[in-house]
Amino acid sequence: MTTQNLRVEHGTETSDVSSAPLLDVGRGNRPLKDEIMEAVSDIIDSGWFIGGPHVKLLEETVAEVSQTEFAIGCASGSDALLLALMAIGIEPGDEVICPSFTFFATASAIHRLGGTPVFIDIEPDTFNLDVSKIESLITSRTKAIIPVHLFGQCADMDPINSIAEAHGLKVVEDCAQAIGATYAGRSAGSLGSVGCFSFYPTKNLGGFGDGGMLTTNDPEIADKLRLLANHGMRPRYYHSEVGINSRLDAIQAAALNAKMKHIGDYSSKRAVNAARYEQLMVDAGLADQLLIPQANTDCGHVWNQFTIRIPGGNRDQVRQQLAEMNVGSEVYYPVPLHQQECFASLKENNVDLVETDRAAEEVLSLPIFPELTAAEQAYAVNCLAKILDVVEMPLKRAG
Ligand SMILES: *Cc1c(COP(=O)(O)O)cnc(C)c1O
């Protein structure tokens, strides 16, 4: 396979685009640089580096987007998960049901508190947890469920909440990839007891470092989260609980506030890119060879990732050839959590994760960031079509 330029028709123009990066955070950040630099300059002058008005503003806007009464800043999405589980009282010996097909932090938070992650299989089309499998995993030790809104689409929260209620379980949403996502008109972060968000730079609202946020409608949980995130200290130097140090920096909040104004725009651009991929792939005759991701009817998908499935065991080869043609891609996630070395001791609990294992072998995430151009997408799909050796169709509707 050579790295030649493919001439790509999009709309009436013809472009000589010959690459498509998986992510270029600079394209989103550059237009906001002056605004952010000004806010950072104010913060330096003020000397207020942790918490403060910038953090408060971000908490207010995240609460608004998430349709919750409370939002509490913390140091990362991973800490948000840990704090949420601390606040709902997860203790040694407790079991928490969560997917294995997710980022490590979903399950490590459970493990850190002495709890046991009980891994649940996923649906092959949405990659979210398979609701029909929940009840068979519930034991007398089960305390909570962590649905992950993977790739930007909410898990099927109504049945999850009904089952949780029937068994007295708490629901902690892992919203790290899903800020602004909706389910039946309600926002991610408002659908369980606590919502956990990440501002890691690759997320839909990405900071200039680590950051996280917790959302809830429960005033007691909100209060407890604030306490736990600040050493369990109230008033200063008096500790009623053993909390942790997990706070949001003013500088991160200032950068995030500048980007937060555009969150609706970012999400809709991602959705436009997703729709364009689908059209390009169908036009290129790829629909028979790939599984093209779809948004569920009742879900506002925010497309943190556009993840196709390439069945037949040649995913890694396709990825390699895309890289040779300067098309970025990534495998989220190559090793499901139940196969991780550090969770080897949990192995006998986790025998029936067929869809999880299959997804890990077939998934490939393509560039989808808001500023990705139509020409880059057309190039990426054209490369995919060449690699998969289908007859190339004219790309009619790329623009
Ligand atoms: C990114 C991510 C996290 C962790 O967030 P950090 O801010 O990187 O700690 C947790 N869960 C999921 C599903 C994620 O994608």
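Trainee: At what pLDDT do side-chain atom pairs count?
Mentor: Residues are numbered from 1 along each chain as its sequence is written, and side-chain values use heavy atoms, leaving out hydrogens and water. This is a predicted model in which totals for chains, interfaces and linings use all residues and local features need pLDDT of at least 70, while side-chain atom pairs count only at pLDDT 80 or more.

Trainee: Where does H231 lie?
Mentor: H231 has a positive phi of about 65° although it is not a glycine. Helices (H or I, at least four residues) and strands (E, at least two) are DSSP runs, numbered from the N terminus. In these terms, H231 belongs to the loop between helix 8 and helix 9.

Trainee: What is the omega of the peptide bond from R234 to P235?
Mentor: P235 is found in the loop between helix 8 and helix 9. The peptide bond that joins R234 to P235 is cis, with omega near -5°.

Trainee: Which residue has a side chain joined to that of S246 by a polar contact?
Mentor: S246 also sits in the loop between helix 8 (219-229) and helix 9, and S246 is buried, with a relative accessible area of 0%. Its contacts (heavy atoms within 4.5 Å) include G73, C74, A75, S76 and L83, not counting residues up to four places away in sequence. A polar contact is a pair of N or O atoms within 3.5 Å; within protein, one must be able to donate a hydrogen and the other to accept it, and residues adjacent in sequence count only if both atoms are side-chain atoms. At 2.6 Å, the partner of the S246 side chain is D79.

Trainee: Is F127 buried or exposed?
Mentor: F127 lies in the loop between strand 5 and helix 6 (134-137), and its phi is near 70°, a positive value in a residue other than glycine. With a relative accessible area of 3%, F127 is buried.

Trainee: Which residues form one aromatic cluster?
Mentor: Rings of Phe, Tyr and Trp (its six-membered ring) pair if their centres lie within 6.5 Å; planes under 30 degrees apart count as stacked, over 60 as edge-to-face and the rest as tilted. A search of the whole structure finds nine aromatic pairs. One aromatic cluster is formed by F101, F127, F151, Y332 and Y333.

Trainee: In strand 6, which residue is the bridge partner of E95?
Mentor: Two strands pair if DSSP finds at least two bridges between them. Strand 4 (residues 95-99) pairs in the parallel sense with strand 5 (residues 116-120) over five bridges, and with strand 6 (residues 142-145) in the parallel sense over three bridges. In strand 5, I97 has V118 as its bridge partner. In strand 6, the partner of E95 is T142.

Trainee: Which residues of strand 4 are buried on the two faces?
Mentor: Five of the five residues of strand 4 are buried. Both faces are covered, with E95, I97 and P99 on one side and, on the other, V96 and C98.

Trainee: What is the order of the open sheet of three strands?
Mentor: Strand 8 (residues 182-183) pairs with strand 12 in the antiparallel sense over two bridges, and T182 stands opposite G300 in strand 12. Strand 9 (186-187) and strand 12 (299-300) are the edge strands, each pairing on one side only. The open sheet has antiparallel pairing and the order 9-8-12.

Trainee: How far does helix 10 reach from its first C-alpha to its last?
Mentor: Helix 10 (residues 263-283) has 21 residues, and the expected span of a helix is 1.5 Å times one less than its number of residues. Its reach is close to the expected 30 Å, the value itself being 30 Å.

Trainee: Which residues does A274 touch?
Mentor: A274 lies in helix 10 and, at 5% relative accessibility, counts as buried. Elements covering the buried residues of helix 10 include helix 3 (53-66), strand 13 (306-309) and helix 13 (374-387). Not counting residues up to four places away in sequence, A274 touches W303, F306 and I368.

Notes
Buried means under 20% relative accessible area, exposed over 50%, partly exposed in between (1.4 Å probe, protein chains only).
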